[in-house]
Amino acid sequence: MASEPNYPYPIKTVVVLVQENRSFDHMLGWMKSLNPEIDGVTGNESNPLSTSDPNSERIYFSNQSEYVDPDPGHSYQAIYEQVFGVAWSEENSTQKLLPTMEGFAMNAEETETGMSVAVMNGFRPDAVPVYKELVSEFAVTDRWFASNPTSTQPNRLFVHSGTSHGLISNDTKILIQGLPQKTIFESLDEDGFSWGIYYQFPPATLFYRNLRKLKYIFKFHPFDLEFKNHCKEGKLPNYVVIEQRYLDSSILRGNDDHPSHDVSVGQKFIKEVYEALRSSPQWNEILFIITYDEHGGFYDHVPTPVAGVPSPDDIVSPAPYYYQFDRLGVRVPTFFISPWIEQGTVLHGPSGPYPTSQFEHSSIPATVKKIFNLKDFLTKRDAWAGTFETLLTRTTPRTDCPVTLPDPVKLREAEANENAKLNDFQQILVQMTAALNGDHRKDIYPDKLVENMTVGEATKYCENAFNKFLAACENAKTSGVDEDEIVDCWSTPDQQSPKAFVDKIFGCFTCSD
């Protein structure tokens with residue numbers, strides 16, 4: 001349950017939901033037709049199929065996105081080409097190029113013939129009715145950028161820690177071990193505030209190694225079983241993170257918006273979360289933030305910031321890139337929802353704390369620090385990032401916030417393909433879960449475990465593996481294992497008596513920082 005802090009803001013609970021792989025223009029660009037203040041699209045935006053050919057055909061941005069199947073490039077190298085219009089090379093990387101945003105179509109065509117059409121399209125407002133309603137009822141910012149010009153997990157790490165600790169790719173070994181940096185969860189804990197993570201298998205926040213500690217693992221709650229109840233009972237903690245389903249099955253559809261998942265399922269998920277929060281007795285104390293980890297290779301017309309961006313911790317990425325974390329990624333959709341926010345608000349760039357400050361994922365821990373008056377910043381990046389508590393302009397909470405949001409229209413007719421291969425992020429989630437339940441000791445780990453695994457198999461594997469880890473943690477806690485330890489249940493058998501199970505836990509490795 002939320003603590004009663006002493007601070008000048010009316011917010012006692014901050015809720016964070018980070019969706020997957022869509023740019024601002026792709027999801028919200030056409031909202032400009034509803035609110036001209038939004039820096040969206042008009043249809044005059046275009047990209048050449050070749051930036052080196054002055055006579056190249058240009059692909060114009062359109063509004064025909066519905067079910068989007070191709071998964072465009074969003075690696076560090078792909079994004080470099082999308083932003084600067086030239087392929088990454090060691091020579092190019094030493095130059096201070098200006099972001100032209102001209103390389104999206106070219107990079108897409110290099111990935112797959114015809115993909116440029118998908119990349120240069122966005123959703124009509126009526127195709128994403130939940131977002132259409134949120135844009136008109138609450139606040140959206142058209143100047144929120146990914147923290148890191150690269151893929152999913154290196155960006156997600158910034159959301160709660162202000163750094164990726166040097167990662168610009170899904171480095172299997174490092175992610176499986178867990179990243180060591182301090183997070184906003186620990187800052188909140190140190191100052192007596194509560195937090196909770198509501199997951200749908202497996203929780204990606206466990207890439208932070210410290211969150212695997214016994215004292216924190218019981219702050220993870222199954223979303224389907226507990227979230228609505230906690231809302232109804234007024235038991236939400238001060239900081240709430242909601243994790244979506246990253247895997248797409250016939251029974252439980254992927255709701256993270258990652259291609260090729262149906263965006264309408266993501267819309268339904270956000271509707272579900274909003275309506276649970278809206279009906280909670282805590283509603284008048286809530287600030288709900290929705291953003292996206294990165295742009296997923298989809299076009300955006302606003303140049304990414306490349307000057308005045310501080311490295312979080314002076315860590316440089318490995319060879320051959322030697323990236324110094326001195327620029328941001330592509331713009332992504334971000335909403336702010338609270339009864340303390342005026343209808344139809346559009347937030348542009350921040351007013352500080354530095355002249356070059358921007359809104360990016362580190363703005364979340366920076367704003368949480370300010371709202372709850374926490375002691376310290378996590379890194380130089382969140383100390384620099386713009387904060388958004390300025391949106392809380394009202395003297396009294398609104399009473400006209402919608403109780404429900406529109407029902408989304410299904411955009412994908414086909415059923416989920418449970419036989420599909422795993423994408424890179426899904427593979428690393430499975431491998432991380434294997435490290436929790438002990439399968440990392442097997443000779444099939446890490447690559448053979450996932451190389452032929454299907455989405456359907458991964459869904460079952462992750463659920464079973466994580467439940468095994470939770471059971472081991474429960475027994476370790478009962479038997480008095482130090483709360484700062486991380487339980488490694490590699491030698492814990494599936495079926496034992498409770499006493500034998502506990503004895504075996506003590507025979508397993510436990511590891512502290």
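Visitor: At roughly what angle do the axes of helix α6 (residues 129–137) and helix α12 (residues 263–278) cross?
Guide: Quick heads-up: this is a predicted model, where local features need pLDDT of at least 70, side-chain atom pairs count only at pLDDT 80 or more, and totals for chains, interfaces and linings use all residues. Residues are numbered from 1 along each chain as its sequence is written, and side-chain values use heavy atoms, leaving out hydrogens and water. Axes here are lines fitted to C-alpha atoms over the stretch in contact, with angles running from 0 to 180 degrees between N-to-C directions. The α6 and α12 axes come within 8 Å and cross at roughly 45°.

Visitor: Which residues of α6 and α12 make the contact?
Guide: Contact means heavy atoms within 4.5 Å. On the α12 side you'll find Q267, I270, K271 and Y274, and on the α6 side P129, V130, Y131 and L134.

Visitor: How many residues of α15 are buried?
Guide: Buried means under 20% relative accessible area, with a 1.4 Å probe and protein chains only. Among those that qualify are F425, I428, L429 and M432, and what covers the buried residues includes α7 (152–161) and α17 (455–478). So α15 is mostly covered, and the count of buried residues out of its 14 is twelve.

Visitor: Which residue caps the N-terminal end of α15?
Guide: Look for a side-chain oxygen 3.1 Å from the backbone nitrogen of F425. The residue that supplies that oxygen is N423.

Visitor: Which residue follows α15?
Guide: Its phi is positive, near 105°. That residue is G438.

Note on methods:
Helix = DSSP H or I, 4+ residues; strand = E, 2+ residues; numbered from the N terminus. Buried < 20%, exposed > 50% of the residue type's maximum accessible area, 1.4 Å probe, protein only. Polar contact = N/O pair within 3.5 Å; in protein donor to acceptor, adjacent residues only side chain to side chain.
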